[in-house]
Amino acid sequence: MKKLLWVSIGVGIGVLASKKYTEVSSGAALNRQIGKYADRASEIAEAFLTGMRSREEELRSALGVNDTK
């Protein structure tokens, strides 16, 4: 039963991948899509770092710890 589950999951992934491959028929379209994903990842990382720095400042001021840099 487990083998049937894994085979069906593999077939499903294969079908989805082949559909996506036919949608992205040229390299330029693939590069645009990868660029979009890279931009999103960069935005998420930037937002995370900004939030982290802000929270660190809040904690430092609440604890009265001086920045030793």
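Reader: How many salt bridges does the count come to?

Author: This is a predicted model, in which local features need pLDDT of at least 70, side-chain atom pairs count only at pLDDT 80 or more, and totals for chains, interfaces and linings use all residues. Residues are numbered from 1 along each chain as its sequence is written, and side-chain values use heavy atoms, with hydrogens and water left out. A salt bridge is taken as a side-chain nitrogen of Lys or Arg within 4 Å of a carboxyl oxygen of Asp or Glu. By this rule the count is 2.

Reader: Which side chain meets that of E58 in a salt bridge?

Author: Side chains of opposite charge can pair when their charged atoms come close. The N to O distance is 3.1 Å, and the partner is R55.

Reader: Is E58 buried, partly exposed or exposed?

Author: Buried means under 20% relative accessible area, exposed over 50%, and partly exposed in between (1.4 Å probe, protein chains only). The relative accessible area of E58 is 42%, so E58 is partly exposed.

Reader: With which residue does E56 form a salt bridge?

Author: E56 has a relative accessible area of 37% and is therefore partly exposed. The closest N and O atoms are 3.3 Å apart, and the partner is R60.

Reader: In which helix is M52 found?

Author: The secondary structure of the chain comes to 2 helices and 0 strands. M52 has 40% relative accessibility and so counts as partly exposed. The C-alpha atoms of M52 and Q33, 19 residues apart along the chain, are separated by 29 Å. M52 belongs to residues 27–63, which form helix α2.

Reader: What radius of gyration does the chain have?

Author: The C-alpha atoms fill a box of roughly 60 × 40 × 15 Å along the principal axes. Buried residues make up 1% of the 69 residues. The radius of gyration is taken over C-alpha atoms, and the globule rule is 2.2 Å times the number of residues to the power 0.38. A compact globule of 69 residues would have a value near 11 Å, whereas the chain has 23 Å.

Notes:
Helix = DSSP H or I, 4+ residues; strand = E, 2+ residues; numbered from the N terminus.
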